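Reader: I am new to this structure. Could you show me how to read it?

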There are 2 protein chains.
Amino acid sequence: MARPRAPGHHDQRTAILGHAAALFAAQGYPSTTMTQVADAAGLSKATLYHYVSDKQQLLREIAHAQVDALHASVDEVIAAFEADPAGSADEPPERALVRALIERLVAGYAGQADALRVLTDEVRYLDADAQDRLRQRQRELVSRLAGAITRWQPALAEAGLVKPLTMLLFGMVNWLFTWLRPDGGLSHASLAPLVADLFIHGVPCVRPPVPRASKSGPDGPAPSVQTAQPLPSGDLPP
Amino acid sequence: MARPRAPGHHDQRTAILGHAAALFAAQGYPSTTMTQVADAAGLSKATLYHYVSDKQQLLREIAHAQVDALHASVDEVIAAFEADPAGSADEPPERALVRALIERLVAGYAGQADALRVLTDEVRYLDADAQDRLRQRQRELVSRLAGAITRWQPALAEAGLVKPLTMLLFGMVNWLFTWLRPDGGLSHASLAPLVADLFIHGVPCVRPPVPRASKSGPDGPAPSVQTAQPLPSGDLPP
DNA sequence: CCTACCGATCGGTAGG
DNA sequence: CCTACCGATCGGTAGG
């Protein structure tokens, strides 16, 4: 059989990013060598450096492409919703949008597990500048989800609970690739409604301020729950 | 002022593990150098090696101590429950136990953020043997939570949903240190009931098999949801 | 002879 | 697109 045609520059870059994402996801960024990336892509290390300027660029592009893809998913769901806001008739449209967003995010994990893992676990190894830009985009993603939840449950927003609940949702979703095996008996498609049901039926039942007696003594007024600056991923102290 | 007394061997080791956990959590295991660990502990590198045999041992002991601490937390909650199974009278005891376990796990994140982050994010860098032993202990922890949930909602166990729901719970909890700042307006103590309420009110509402029309066509019988082998953390392909 | 520790440097390998 | 290397720095250990 003939040797496959050398792909174009753009395609070769795409392939390299895919191999790099798989290696970063499996081994972590710092312990993945450029030689491994080159081998996986079927290139010499020198040739690899013909397509990318350095190791950081691989991480930067994988992460940015992934967060862009997540935004695009939200775009699509919202566009479909605005075209037909009625939803599925058995639930209010605001809730239907939240459900659709959750199911879409979960479903997206099927084919993007590697890049998503890089986005959540390896971003800490990015340069400070690239990391800041990425976190900004991630915060925007959180805000879009939080906005949909606020329109569904406005009372929660007044209590300052929307951002925390949104982050709990991201916790469930981002933790998936940690335990969900693509070859397991449980698929992403069958898990998506589970996550959506759990969140959608649980959220209306949370009790805002928490007047329950906790371990801490009465050392002040009941703490009003405030929204901390939400950071989708850990950050690196100086 | 006199030079402080040299702490005992055990105390010095404990201090070293604490500094290493902080560095591993902040920078990741591979990019943390033994020199940094030594500096943080106020020791020379050679002296550091008097207390630990190698870098892997640091990671191994931090992770094992942390999973042991989590088991101890579960022990305590269950012991308290068995001493007084009635719970808080306004909810069934099985549900009260699940709530107590959730709140205890969340509260535990207050003082153990570094070690927990190491446990969830850095275990992949452990040797295969140590990693296997640790994952076994983590699976046992998941099983203990799943057992409590099963006793509360036996119907979910028959549908094979307990392990997935347990992992969603761990997702919310393990994701906390990613966005919850200790100095933020939102404390672990005020968040714990939020997580518990969300889970406890959401779980009874999940619909088992999912007879909803999904995107996939009718290419077979409705997939029976099975429990995949739950892995609390990612694993390293060969 | 022990412990606790130091300054200096080893062999090997990383990214480029 | 490869072989041959570099400056640096890693984890770990030597002698005293």
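Author: We will look at confidence, a helix pair and the DNA surface. This is a predicted model, where local features need pLDDT of at least 70, side-chain atom pairs count only at pLDDT 80 or more, and totals for chains, interfaces and linings use all residues. Residues are numbered from 1 along each chain as its sequence is written, with chains lettered from A and ligands numbered from 1 in the order in which they are written.

Reader: What is the mean pLDDT of chain A?

Author: pLDDT is the predictor's confidence in each residue, from 0 to 100. Chain A has a mean of 82, and 82% of its residues reach 70 or more. Residues 1–7 of chain A fall below 50.

Reader: At what angle do the axes of α4 and α7 of chain B cross?

Author: Helices are DSSP runs (H or I, at least four residues), numbered from the N terminus. Axes are lines fitted to C-alpha atoms over the stretch in contact, with angles from 0 to 180 degrees between N-to-C directions. Here α4 (residues 55–83) and α7 (residues 128–152) of chain B come within 10 Å and cross at roughly 15 degrees. That makes α4(B) roughly parallel to α7(B) (angles under 35 degrees).

Reader: Which residues come nearest to DNA strand D?

Author: A residue is near a strand if its C-beta atom, placed from the backbone, lies within 6 Å of it. Of the 14 residues around DNA strand D, the nearest are A:Ser44, A:Ala46, B:Thr33, B:Asp54 and B:Lys55. Elements giving two or more residues to this surface are α3 (45–51) of chain A, plus α2 (34–41) and α3 (45–51) of chain B.

Methods. Parallel < 35°, antiparallel > 145°, perpendicular 65-115°, else oblique. Contact = placed C-beta atoms within 7 Å.
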